[in-house]
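Here's a quick tour for anyone meeting this structure for the first time.

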Amino acid sequence: EIHIKEPIEKEVNPRLLPGELLLCEASTVYKYMQEDGSNRGTYGKLVCTNFKISFLDDDSASDDNEPQLKNKIVGENDITLQCVDQIYGVYDEKKKLLTGQLRKYPEKLIIYCKDLRVFNFCLRYTKEEEVKRIVSGIVHHSQTPKLLKRLFLFSYASAAPNNTDGRNQTVMFETLEDWRDELERTKGNVKYKAVTTNEGYRVSEKLPLYFVVPICISEESILTYEGRGIPIWCWSCHNGAALLKMSAFPKEQDDSTSQMQKAFLDGIYKTISKPPYELLKVDDLSSSLPSLQDIQTAYTRFKQLFLIDNSTDFWATDVKWFSLLESTNWLEIIRRVLKKAIEVVECLEIQHTNVLLIEESATDLCCVISSLVQVMMDSYSRTKSGFQSLIQKEWVIGGHGFLDRCNHLHKSEKEEAPVFLLLLNCVWQLVQQYPPAFEFTETYLTVLSDSLYVPIFSTFFFNSQHQRDTNKSGESLKTQSGPFRFLTVWDWSVQFDPKAQAFLNNPLYAEKPKPDKSQRKTARFKHQRQLSLPLTQAKPSTKRGFFREETDHLIKNILGKRIGKFINSADEPPNSLREFYDSWHSKPVDYHGLLLPRIDGPEIKVWAQRYLRWIPEAQLHGGGTIATAAKILDLMEEVQSLQVKMDEEHSQAVSGDVHSVPILRNSARLSSLFPFALLQRQSVKPALPTSTWKDLEGEDDLVKRDDEFVDLSGDML
């Protein structure tokens, strides 16, 4: 049986951005909102442009059904071409991956997105010619290799009116002055200098125009090996110790070249190990952290757990959820990266040692570790503008290859690795452990991760500053003779109106440098293991008793790592590091001082908002983090209105309407995890714990289950 809305009679046209062109379309396409056993859905038009794939139904024609809070660029039924992960066709109930030229056209189309949405389209009722055009068009424009200048980024930049200035307080690090200001802010200008040696990119196209090196390094040294073997400054600690990075020499060299490079490096090390510089610790990240290939493999396995388009699959994976999760190794990689950052922090903070991070290009894991260290040690990096400036400095200007690592051009899957996503996952661990320390929210991080795939901003669509600068000229386009003016992602008004942007800012950010002791104790209690794995029943909180009696999808929301992987496992850190870690965690938290993440097994959690936001079974209808955030924002708005009313000067300017419209309407389709998400399907399975559900299904042999809850209360605490 097929439950359908009547096919639309009125013409629905896509809303096109400046520079956006309609390439192909198909009418009478049926979009499933799958429920087990039924094919409920809606008819509409499927279109493909040079920017996105979009489904238009009769709801698209009216604004009445639009969510209150939304992304202004990418709608509920829009998928940017860069956001398409894989496309499958269904032929006689069999799924087949679609790439390149197609001989036969499918009856169903399944699109898996990089933001983990899943779209199901039925093409049985569509004209054959239209099916051919739309399927081949979508596959061609989203899956085949393309030239850089074919990205929508350039079409948009040449056609869009540039009336926005998105810099806000974000430091872009495109000028010498920006670097000098940063040196002054961190008091690193005594021992380090900003250099102009690479102006015109005469040293290297991989290096930024301006960067910072120790004062004792000469211009000749920088020029010798195109910037390789030169310690480049990242940040200075309050005690003078500095974090540096260096791109290593290629390993496969002939003997004479290797000897010369070794002699060159020895000279550099001697120079920067003498006073006034601190002792130097060198850390080769290629040997102490997982390879990019390992990271890509782990994430590919991990994301499969969330690309779910029906309730049956959800409940089937739920039975072995923890073992499936652990087998991906993704949370373990996050733990190892955080542990490495703690090691670097200990060297800088306790040992007063300079740390030099080494990597082949110094633009991947170097960016992750240097960014994490700054977030942990520098409270400025925990403000919104400070964090954005940090991303600009270490990643955008620092030369992280976003184009290759995100595989935006579909040139080579060998280069693909979710390195920036790994950083955001690590920062999220800190944000959820210490919310008052951050001016931004987890929603901000989620939206930032989504922006990786929105090609109207130049921020995440180049491999280097050189590549961006050389592709800025727009002479070939008739519409524009001057250089392109690219947008930056940091102008959030392009994607969200002010009410939606409120969810990006943390209303409970602790702005006072040092709260009193009672406040600190209370805040400290909040961060104990109330959200760890449901593997121990020792003294559960009276407010949150979620074990067998509560729903299993709750457990998914609070999910962490299996209890077996503690910091003091096989790769136990040295005693000094363990002492530093334990000592810091035994004291009250100063939200404006040093922050260390808790990395014992169950403390590393799944970023529920990003990965579970589209799955109906994982939502708490009428509740969840977004309902809480909305209530707090409503309350703050009310308080601010009352403050204005109390001010005599403004009392007349404000009408009596203090608090009439709540920020969020309560809707069954709203995700409880993410304010800009509408659920594509509804769940029909009752929300029962896995064990109860299995009992009802008549499966008695529960002993063989991998993920039964274990009472570790006697052993643990």
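## The eight-strand sheet

Eight strands line up as an open, antiparallel sheet in the order β4-β3-β2-β1-β8-β7-β5-β6. Strands here (E, at least two residues) and helices (H or I, at least four) are DSSP runs, numbered from the N terminus; two strands pair if DSSP finds at least two bridges between them. At the edges sit β4 (78-80) and β6 (94-97), each pairing on one side only. From one strand to the next, the twist averages 30°.

Zoom in on β3 (residues 52-56): three bridges tie it to β4, and the two run antiparallel. Ser-54 has Asp-78 of β4 as its bridge partner. Helix α1 (residues 128-143) packs on this sheet, touching β1, β2, β3, β5 and β7, and its direction makes about 110° with that of β1. Contact means heavy atoms within 4.5 Å, and angles run from 0 to 180 degrees between N-to-C directions of lines fitted to C-alpha atoms, for helices over the stretch in contact.

## About the model

This is a predicted model, where local features need pLDDT of at least 70 and side-chain atom pairs count only at pLDDT 80 or more, while totals for chains, interfaces and linings use all residues. Residues are numbered from 1 along each chain as its sequence is written, and side-chain values use heavy atoms, leaving out hydrogens and water.

## The four-strand sheet

There's also an open sheet of four strands, ordered β11-β12-β14-β13, with mixed pairing. Its edge strands are β11 (232-236) and β13 (280-284). Five bridges join β12 (residues 242-247) to β14 (residues 354-359), and these run parallel.

Helix α5 (residues 255-273) lies across β12, β13 and β14, at about 140° to β13. Helix α11 (residues 365-377) packs on the sheet too, touching β11, β12 and β14.
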